[in-house]
Amino acid sequence: MSIRPCLFVVLAAGKGTRMKSSLPKVLHRIAGQSMLAHVLTTASGIAGGKIAVVVAPGMDAVAAEVLRVAPNARIFEQVAQRGTADAVLAAKLALDEETGGDVIVLFADTPLVRGEVIERLRAALDGGAGVAVLGFRPKDPAGYGRLLLDDGGALTGIREEQDASDAERKIGLCNSGVMAFRVSKLSGLLSQIGSANAKSEFYLTDAIEIARNEGLKAAVVECDETDVLGVNTREQQAAAEAVWQARARSAFMRDGVSMVAPETVWLHFDTQIASDVSIEPNVVFGAGVTVEEGAQILGFCHIEGATIGKGARIGPFARFRPGARIGAKVHIGNFVEVKNTTLEEGAKANHLSYLGDGTVGAGANIGAGTIFCNYDGYNKTKTEVGEGAFIGSNTSLVAPVKIGAGAYIGSGSVITKDVSPGALAIERNTQEERPGWAEKFRAVMSRRKAAAQRK
Ligand code: UD1
Ligand code: MG
């Protein structure tokens, strides 16, 4: 790990036209978090690093995202999007203040780069290079700049695809866009870059030839394609998502989480899962989920904004929305939706229920088809079920309402008033019985049918 200070220049001003979106490209998400936030989080994790982010004028949402994720970052505007070198120069003020440290350029559309890969790049500067480029060999190099090496394997330049000859396009080693410089007066070097190329843009990649002309050494550090996938299209976004998911699943499995079919489990950037949790196929985690030790998540659950306690058993087909707090050893079965509701230890809701804006005491049993009627079209109100209460099947609990500890509710009741602890509440019409009715009914019906057939 390098001990020099460093300045990250994160480029985020590109229009991202290939995404065909009204949202700026760098705010598109991977694992529920913007690509920009992924890059800023990685940069913030490197000790001694300062961050400058280059945005385009009017990109208020991008600037707001920078301040949310990295409040100490400085924001610079690139007046017109004239290429990556011009974008780095937009942060000239920060570049000129950086004396003696490394300058590392990151692209906000390259969200998977990891701190350890950046440190490998900086090690090349320790080895005497003035500029180091992170290179990779993608399966399909189309669209990437190609790294030009001399016979001795030294980096001599980078050729953008649109400017490349047929022979140069056959080169498999590509530019990831991540570059590190140890150059005093980097802005002086970059301002020598011109725009005589296919796109009439100021290419940062031209910095290599200029640095070499000034007698500096240029180095390539190779990394895996999965570390530096660039996202310019929705398909590349999906490819980056797949890489992120695969990495996150592997990390959880290494930490003691079981997944029967990991490729069908979808995680969020902030998902937390403890050891000895087991996850069956087709489970989706949204934002803000914590799963504690030993919980079992059966197939096809959709979980968002929830805490799942130790040893709880969830699903199959459970749905948790924000504020679902599932205590230890709670059982939640199929087609149960929980929102803003706490279930204390050992409570059970095994079938077909909606539990919204409520509390369920320890050991209480919620029967099939129970609904917490929490909303009257204007207000949301609370249902409280006491410890050890038993709610019979097909009960509507019309909030605000409290069911006392240990009380019983008869099946099919619509409960609108509080129920005392230990009581039975039942709300149904008296059942009526007419002996022999069915036989008479059938006789009438069959006579009518016979008459109709004779006509
Ligand atoms: C760039 C590299 C290419 C590399 C590829 C890796 C150049 C000239 N080309 O091409 O060699 O293989 O990335 O993904 O550097 N940006 C600005 N202002 C601008 C232009 C771009 O801030 O005026 C930002 C974009 O928001 C993006 C990054 O710079 O985050 C890269 O721009 P993009 O247009 O995606 O470059 P590529 O064509 O992908
Ligand atoms: Mg790009």
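Helices (H or I, at least four residues) and strands (E, at least two) are DSSP runs, numbered from the N terminus. By that scheme, Ala31 sits in the loop between strand S2 (29-30) and strand S3 (33-34). This is a predicted model, in which local features need pLDDT of at least 70 and side-chain atom pairs count only at pLDDT 80 or more, while totals for chains, interfaces and linings use all residues. Residues are numbered from 1 along each chain as its sequence is written, chains are lettered from A and ligands numbered from 1 in the order in which they are written, and side-chain values use heavy atoms, with hydrogens and water left out.

**Ligand 1**

- Ligand 1 is surrounded by 23 residues, counted when one of their heavy atoms lies within 4 Å of the ligand.
- The closest of these residues are Gly14, Gln78, Thr84, Glu160 and Asn175.
- Taken alone, ligand 1 exposes 750 Å², and the protein buries 93% of that; the areas come from the Shrake-Rupley method with a 1.4 Å probe, and for residues only the protein chains shown count as cover.

**Magnesium ion**

- The magnesium ion (ligand 2) has Asp109 (OD) and Asn232 (OD1) as its protein donors, at 2.3 to 2.4 Å.
- Donors are N, O and S atoms within 2.8 Å of the metal (3.2 Å for Na, K and Ca), and water is not among the atoms, so sites may look incomplete.
- Asp109 lies in the loop between strand S6 (102-107) and helix H5 (115-126), and Asn232 in the loop between strand S11 (218-222) and helix H9 (234-254), so the pair ties together parts 123 residues apart in sequence.
- Asp109 and Asn232 are both buried, where buried means under 20% relative accessible area, exposed over 50%, and partly exposed in between (1.4 Å probe, protein chains only).

**Nonpolar core**

- The largest nonpolar core holds 134 residues; such a core is a set of buried Ala, Val, Leu, Ile, Met, Phe, Trp, Tyr and Cys residues joined through side-chain atoms within 4.5 Å.
- Strand S1 (residues 6-11) gives the largest share of this core, six residues.
- Phe285, Phe320, Ile326, Ile332 and Ile403 touch the most other members.
- Beyond four places in sequence, the contacts of Phe285 (heavy atoms within 4.5 Å) include Trp266, His268, Ile279 and Ile303.

**Helix H1**

- Ala43, in helix H1 (residues 35-44), is buried at 0% relative accessible area.
- Leaving aside neighbours within four places, Ala43 is in contact with Phe8, Ile51 and Leu106.

**Backbone features**

- Most residues other than glycine have a negative phi, and most peptide bonds are trans.
- Ala31 has a positive phi, near 50 degrees, and is buried at 3% relative accessibility.
- Asn340, in strand S24 (residues 331-343), has a positive phi near 45 degrees and is partly exposed at 34%.
- The bond joining Gly315 and Pro316 is cis, with omega about 5 degrees.
- The bond from Ala399 to Pro400 is cis as well, with omega near 0 degrees.
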